[in-house]
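Here is a friendly briefing to read alongside the sequence and the 3D view. Keep both open and follow the topics in any order you like.

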Amino acid sequence: MWSFRTSESGSATAHFFLGAGDEGLGTRHRIGMRTEDSDSELLEDEEDEMPPEPQIIVGICAMTKKSKSKPMTQILERLCRFDYLTVIILGEDVILNEPVENWPSCHCLISFHSKGFPLDKAVAYSKLRNPFLINDLAMQYYIQDRREVYRILQEEGIDLPRYAVLNRDPARPEECNLIEGEDQVEVNGAVFPKPFVEKPVSAEDHNVYIYYPSSAGGGSQRLFRKIGSRSSVYSPESSVRKTGSYIYEEFMPTDGTDVKGALWAYSVMLCTCRYIQWGQTMPMLKPENLQLWMGRSNETVKEKRFDIQSC
C-alpha cells in the first residue's frame, strides 16, 4: 500500500510499504521479512536515500536597487517558503559584465528594466535558455515610451484621460503645434483648460508638471522621483516647457489615491498567486499549462477598468 507523509512545510513525500496489508503472504516471520524494529530502520534508511524533490529555479534579473528593494525582498521571502522553489538573484556585476552564456540557468525568469539595465542582454538570455517569463521582456521596450504605453492601453480598451502628444521632431512638424493661453493650451488642435498635466514622453523622466488656473492662484506642481519624503514641489511658473516632447492631458482628481501603485500591487499579487497556485498543484511546472492558465486569468484582468492618471 502507498502511504503519504506530510512534513510541517506542507510537502508530501511518498513511501512504499510491503507486508501486513497484503493477503496470502502470512506473517512476516514466516516469509522471512524483518521484524517491526527492523522495518523502522529500513524506513529510515529509505528516507535518507530518497533523492531530493525536483526544484523549480526562479531567476531574478534586475539592477541591485530593484532586486534587493524592500517590496521585492518581501515577495521573495514568501516564494522561498515553498520547498519546490529555489530563488537565485543574478548579481549586477554578472548582468552588466558577463556574457549571457555565463549567466546561471533557471526555469522561470522575473526580469524588469530600470535605469542602466541591459535589456538587450536579458532578451538574448531568454532566447538562449528559454525560461518561462513572468513578465514579457520584449514589451519592456515599449513601456519606456509613454506614447507607446498610451497606444497599447487604447488598443486594449483601457480608459484614459483625454490627451494629445506634442512631438518636437523636425521630421514631423504637423505634430508640433502649440498655442499657449493664460489658462489653457492648444496642442495640435486639442484644447486643454487648466488644470492639465504635462508628461515627458520618456517614461524614464519622472518630471511631470500639473498646471493650475489663475483662479486657483496659478503656478504649477512639479512632480519628481521621491527624494526622502518629498515627491513634488510647488512653483510659481505657469508657462509650459518649450523644449522636449510631451503628452498633455486633462487633470483627473483621485482624492489622494495612487492609481499606479494600486494597479501595480494588484498585478504583482495576481502574478505571484498564479505562480504559487500552480506550484502547489504541479510539482514540476509545465510552461504550456501555465501559459494557458495565465491567459485565462488575463481575460479577468481585461474586464477590470482602470483610469490611468500619473503613470
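This is a predicted model, in which local features need pLDDT of at least 70, side-chain atom pairs count only at pLDDT 80 or more, and totals for chains, interfaces and linings use all residues. Residues are numbered from 1 along each chain as its sequence is written, and side-chain values use heavy atoms, with hydrogens and water left out.

Helices (H or I, at least four residues) and strands (E, at least two) are DSSP runs, numbered from the N terminus. Buried means under 20% relative accessible area, exposed over 50%, and partly exposed in between (1.4 Å probe, protein chains only).

**Salt bridges**

- A salt bridge here is a side-chain nitrogen of Lys or Arg within 4 Å of a carboxyl oxygen of Asp or Glu, and by this rule the count comes to eight.
- Lysine 199 and glutamate 249 meet through their side chains in another salt bridge (3.4 Å, N to O). This pair links distant parts of the chain, with lysine 199 in strand β11 and glutamate 249 in strand β15, 50 residues apart. Lysine 199 and glutamate 249 are buried.
- Glutamate 155 and arginine 151 form a salt bridge at 2.9 Å, N to O. They are four residues apart in helix α7, so about one helical turn separates them.
- Glutamate 155 is exposed at 56% relative accessibility, whereas arginine 151 is partly exposed at 31%.
- Glu148 joins Arg151 and Glu155 in a network of salt bridges.

**Surface patches**

- Patches are made of residues with over 30% relative accessible area and no salt bridge; like charges are joined within 9 Å, and nonpolar side chains (Val, Leu, Ile, Met, Phe, Trp, Tyr) within 5 Å. Accessible areas come from the Shrake-Rupley method with a 1.4 Å probe, and for residues only the protein chains shown count as cover.
- A nonpolar patch on the surface is formed by Met139, Tyr141, Tyr142 and Ile143, with about 360 Å² of accessible area together.
- Isoleucine 143 is in the loop between α6 (139–142) and α7 (146–155), and its relative accessibility of 46% makes it partly exposed.
- A patch of positive charge on the surface gathers Lys65, Lys66, Lys115 and Arg225. Lys and Arg count as positive and Asp and Glu as negative, while His and the chain ends are not counted. The place of a charge is taken as NZ of Lys, CZ of Arg, CG of Asp or CD of Glu.
- Lysine 66 belongs to helix α2 (residues 64–67) and is partly exposed, with a relative accessible area of 33%.

**Backbone details**

- The peptide bond from lysine 194 to proline 195 is cis, with omega near 5°. Proline 195 is in the loop between β10 (190–193) and β11 (196–200).
- Asparagine 130 has a positive phi of about 55° although it is not a glycine. This residue lies in the loop between α5 and β6 (132–133) and is exposed at 65% relative accessibility.
- Asparagine 188, also not a glycine, has a positive phi of about 50°. Its place is the loop between β9 (184–187) and β10, where asparagine 188 is partly exposed at 32% relative accessibility.
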